[in-house]
Amino acid sequence: MGFFGKIFGALKKTKDNISEKLRVLFSKNKLGDEFYEELEELLISSDVSVSTAEEVVSRVKAKAIEGRLSDQEYVTSLLRGILTDILEESEVEAPSYPCVIMLVGVNGVGKTTTVGKLAHYFLSQRKTVTVAAADTFRAAASEQLSIWAERAKVRIVKHEEGSDPSAVVFDAISSAKAKGTDVLIIDTAGRLHVKDNLMNELRKMERVVNREFPEADFLKLLVLDATTGQNALNQARVFDEAIELDGLVLTKLDGTAKGGFVFSLSSELSLPVIYAGTGEKMEDLEFFNSKTFVEAIL
Ligand SMILES: Nc1nc2c(ncn2[C@@H]2O[C@H](COP(=O)(O)OP(=O)(O)O)[C@@H](O)[C@H]2O)c(=O)[nH]1
Ligand SMILES: [Mg+2]
């Protein structure tokens, strides 16, 4: 089962929920302001933040033909169009080479796994890849990445446990430059309970990349677990404040995912989802498709 099958399965609960709520809303035969208020509440209860729900409703207001607001099919297709627009407005172009992709995010969201998947993906595109084990907090972290690097058959740069992550990044850049590597992918730590340390560490790595490898296209991607819901927005704010993010990777789209928060990330932080993880294997990574995503939840 590919992305399309998995994403429809993962978001089925969200979809069932929304369609049941829409059914109730239309059965009430509300029109005008009352209708819009209820629509806004419906979105908020589906993990869309308040300000994004307001934005969606104001776009519906601007576009809708008043007399057709009692037509569920009509409103649903209008909503689909608006939600797709919101996702597409934040989309970015594919990276140019050489590029550095740094994955950040809290513990357990799937950073290390995604490094492995991305390495495999770029190799399949006939690009050369180096991965950097800049999660030096636990020895297990770089061992886990070594296993992925071996599986994907890419080079890995790692240091001892407890060493400075920026030094790993520095060495990885030297090595990538010397070998003329197309893509350098950096794995990082995610222990948010020492937030200030982590953010300083990430900023330091960012400075090293900017200083040592200015010719590379640098993408800082936040990895988010799709089952998280609204809290994802808080995570994104924290990381975006520290190191300006370029986009998102949404993992675990093979589980029971929550859909609504993706629109808030796009509309409030202008952060596009670029890749989607749909399983634990190396091949389980897809390009995110806005239209398919919207169809899976509405
Ligand atoms: N089902 C599923 N599991 C995933 C996915 N991505 C990662 N995982 C699992 O999530 C757990 C944590 O992943 P890891 O890469 O170690 O997270 P990290 O702490 O952010 O580096 C592991 O058990 C992974 O196998 C995904 O797309 N789908
Ligand atoms: Mg990890």
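**Briefing: fold, ligand shell and selected residues**

Alanine 172 is found in helix H8 (residues 165–179). Helices here are DSSP runs of H or I with at least four residues, strands are E runs of at least two, and both are numbered from the N terminus. This is a predicted model, in which local features need pLDDT of at least 70, side-chain atom pairs count only at pLDDT 80 or more, and totals for chains, interfaces and linings use all residues. Residues are numbered from 1 along each chain as its sequence is written, while chains are lettered from A and ligands numbered from 1 in the order in which they are written.

**Briefing: fold, ligand shell and selected residues**

Alanine 172 is found in helix H8 (residues 165–179). Helices are DSSP runs of H or I with at least four residues, strands are E runs of at least two, and both are numbered from the N terminus. This is a predicted model: local features need pLDDT of at least 70, side-chain atom pairs count only at pLDDT 80 or more, and totals for chains, interfaces and linings use all residues. Residues are numbered from 1 along each chain as its sequence is written, while chains are lettered from A and ligands numbered from 1 in the order in which they are written.

**Overall fold**

- The protein has 12 helices and 8 strands.
- Its radius of gyration is 21 Å, close to the 19 Å that the globule rule gives for 298 residues, so the protein is as compact as a globular protein of that length. The radius is taken over C-alpha atoms, and the rule is 2.2 Å times the number of residues to the power 0.38.
- Along the principal axes, the C-alpha atoms fill a box of roughly 65 × 40 × 30 Å.
- Of the 298 residues, 46% count as buried. Buried means 20 or more other C-beta atoms within 10 Å of a residue's own, exposed means 12 or fewer, and partly exposed lies in between, with C-beta atoms placed from the backbone.
- Among contacts with a separation of 6 or more, 77% join residues 24 or more positions apart. A contact needs C-beta atoms, placed from the backbone, within 7 Å.

- Beyond four places in sequence, alanine 172 contacts Thr130, Ala132, Val157, Leu184 and Ile186.
- Lysine 158 is 14 residues from alanine 172 along the chain, and their C-alpha atoms are separated by 8.2 Å.
- Leucine 103 lies in strand E1, which spans 99–104.
- Leucine 103 is buried, with 26 other C-beta atoms within 10 Å.
- Leaving aside neighbours within four places in sequence, the contacts of leucine 103 include Lys111, Thr114, Val115, Leu221 and Val249.
- Leucine 103 and leucine 221 are 118 residues apart along the chain, with C-alpha atoms separated by 5.1 Å.

**Shell around ligand 1**

- The shell has 18 residues, of which Gly110, Lys111, Thr112, Thr113 and Gly277 come nearest. A residue is near if its C-beta atom, placed from the backbone, lies within 6 Å.
- Helix H6 (residues 111–124) gives the most to this shell, with 3 residues.
- By class, the shell holds 1 nonpolar, 12 polar and 5 charged residues. Ala, Val, Leu, Ile, Met, Phe, Trp, Tyr, Cys and Pro count as nonpolar, Asp, Glu, Lys and Arg as charged, and the others, Gly among them, as polar.

**Helices H10 and H11**

- The axes of H10 (residues 231–242) and H11 (residues 261–269) come within 9 Å and cross at roughly 30°. Axes are lines fitted to C-alpha atoms, for helices over the stretch in contact, and angles run from 0 to 180 degrees between N-to-C directions.
- Ala232, Leu233, Ala236 and Asp240 in H10 meet Phe261, Ser264, Leu265 and Leu269 in H11.
- This contact has 6 nonpolar, 1 polar and 1 charged residues.

**Backbone features in loops**

- The peptide bond from tyrosine 97 to proline 98 is cis, with omega near 0°. Proline 98 sits in the loop between helix H5 (72–89) and E1.
- Arginine 126 has a positive phi near 60° and is not a glycine. This arginine lies in the loop between H6 and strand E2 (129–134). Arginine 126 is exposed, with 7 other C-beta atoms within 10 Å.
- Lysine 252 also has a positive phi, of about 65°, although it is not a glycine. Its place is the loop between strand E6 (247–251) and H11. Lysine 252 counts as buried, with 22 C-beta neighbours inside 10 Å.

**Two exposed positions**

- Leucine 31 lies in the loop between helix H2 (12–27) and helix H3 (32–44). Leucine 31 is exposed, with 12 other C-beta atoms within 10 Å. Not counting residues up to four places away, leucine 31 touches Leu69 and Ser70.
- Phenylalanine 287 is found in strand E8 (residues 285–287). Phenylalanine 287 is exposed, with 11 other C-beta atoms within 10 Å.
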